[in-house]
Amino acid sequence: MWQIPDGKPVQEAVHWALESGIRHIDTARFYRNERGVGDAIRTSGVPREEIWVTTKLFPFEALWAERAFQRSLGRLGLDYVDLYLVHFPPPGLLLSTWQKMESIAKQGLARSIGVSNYKVDDINKTLQAADIPPAVNQIHMSPYHYSKDLAESCEALGVAVEAYSPLTRGKNLDDPVRSRSPRRTASLRRRSSFDGAFSAALSSFQSRHGRNGLRATHKSLTSR
Ligand SMILES: NC(=O)c1ccc[n+]([C@@H]2O[C@H](COP(=O)([O-])OP(=O)(O)OC[C@H]3O[C@@H](n4cnc5c(N)ncnc54)[C@H](OP(=O)(O)O)[C@@H]3O)[C@@H](O)[C@H]2O)c1
């Protein structure tokens, strides 16, 4: 839900997503729309346990991560989140931040914890002192931005890769090399993320784009 303003715009985007059958809603402290996301989830009619909610710790708040988490939870108006991520590696605070993340997980307030935008070194350092390994590394990944080494290292370390911006933030969707139409290029990009055994975080203001996204995940890529 990056770049979608709080209030009505984000509420509509979440409602469209849930009505389309999407069940993973990704927000962050940094996006400043947790309140609208939570309102939309509570008024959607979809049972809470069917929705996977991710939010993220802003690294400037790493020193007081537990308080920052409680504030996120309060804005969302939820009892727990499914996944809490460290949004970016906090310089010099990797281990102490991860200990606070573990404490949040041990209290059952975040069902899983993970990281985002971490390089292999950051993950290795975190793992050295971790009781609970990061479940996920959410990273920028698209046909124009793909780090094979990082993806393979995460896999070897048992950290799932979640691709963000797989549609290259809506850019180059009319790339003639990739396909004949922007809509088809968007479908191919989404499918390449899923077929690569990664999960993907997409975003859309528009209900028709969200519905196209869901249809694309029901198909698989072939070599033709
Ligand atoms: N961890 C991080 O640091 C990080 C960073 C960036 C993003 N993220 C997460 O990943 C999510 C997705 O990232 P993103 O917004 O950068 O990327 P994206 O999904 O690659 O691109 C979104 C853009 O693609 C357009 N789009 C979607 N479906 C389309 C279609 N079928 N045809 C044409 N255009 C289409 C959307 O336009 P419309 O709005 O008009 O539909 C929007 O402008 C974010 O919302 C956020 O939750 C995480």
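The protein averages a pLDDT of 86, and 78% of its residues score at least 70. Over residues 193-197, however, the pLDDT is below 50, and this stretch has nine contacts in the model beyond near neighbours in sequence. The pLDDT is also below 50 over residues 218-224, a stretch with six contacts beyond near neighbours in sequence. Where pLDDT is low, the predicted coordinates should not be read in detail.

Eight helices and seven strands are found in the protein. Of its 224 residues, 38% are buried. Among the contacts in the protein with a separation of 6 or more, 70% are accounted for by residues 24 or more positions apart.

L85 lies in strand β3, which spans residues 81-86. With 27 other C-beta atoms within 10 Å, L85 is classed as buried, because 20 or more such atoms are required for that class. When neighbours within four places in sequence are left aside, L85 is in contact with T54, K56, L57, G114, V115, S116, V136 and Q138. A further pairing concerns A135, which is 50 residues from L85 along the chain; the C-alpha atoms of L85 and A135 are separated by 9.3 Å.

The packing of helices is considered next. Two packed helices are described by the angle between their axes and the distance between the axes. Helix α2 (residues 34-43) packs with α3 at an angle of about 45 degrees, and their axes are 7 Å apart. This angle makes α2 oblique to α3. From α2, the residues E34, R35, V37 and G38 meet S72, R75 and L76 of α3. By class, the residues of the contact of α2 with α3 comprise two nonpolar, two polar and three charged.

Helix α3 (residues 65-76) is also paired with helix α4 (residues 94-106): their axes come within 9 Å and cross at roughly 45 degrees. The arrangement of α3 relative to α4 is therefore oblique. The crossing in which α3 passes α4 is right-handed. On the α3 side the contact is made by A65, E66 and F69, and on the α4 side by T97, K100, M101, S103 and I104. Four nonpolar, two polar and two charged residues form this contact of α3 with α4.

The crossing of α4 past α5 is right-handed. L94, L95 and W98 of α4 make the contact with D122, K125 and T126 of α5. The residues of the contact of α4 with α5 fall into three nonpolar, one polar and two charged.

Notes
Residues are numbered from 1 along each chain as its sequence is written. This is a predicted model: local features need pLDDT of at least 70, side-chain atom pairs count only at pLDDT 80 or more; totals for chains, interfaces and linings use all residues. pLDDT is the predictor's confidence in each residue, from 0 to 100. Two residues are in contact if their C-beta atoms, placed from the backbone, lie within 7 Å. Helices (H or I, at least four residues) and strands (E, at least two) are DSSP runs, numbered from the N terminus. A residue is buried if 20 or more other C-beta atoms lie within 10 Å of its own, exposed if 12 or fewer, and partly exposed in between; C-beta atoms are placed from the backbone. Axes are lines fitted to C-alpha atoms, for helices over the stretch in contact, and angles run from 0 to 180 degrees between N-to-C directions. Angles under 35 degrees count as roughly parallel, over 145 as roughly antiparallel, 65 to 115 as roughly perpendicular and the rest as oblique. A crossing is left-handed if the near helix is turned anticlockwise from the far one by less than a right angle, and right-handed if clockwise. Ala, Val, Leu, Ile, Met, Phe, Trp, Tyr, Cys and Pro count as nonpolar, Asp, Glu, Lys and Arg as charged, and the others, Gly among them, as polar.
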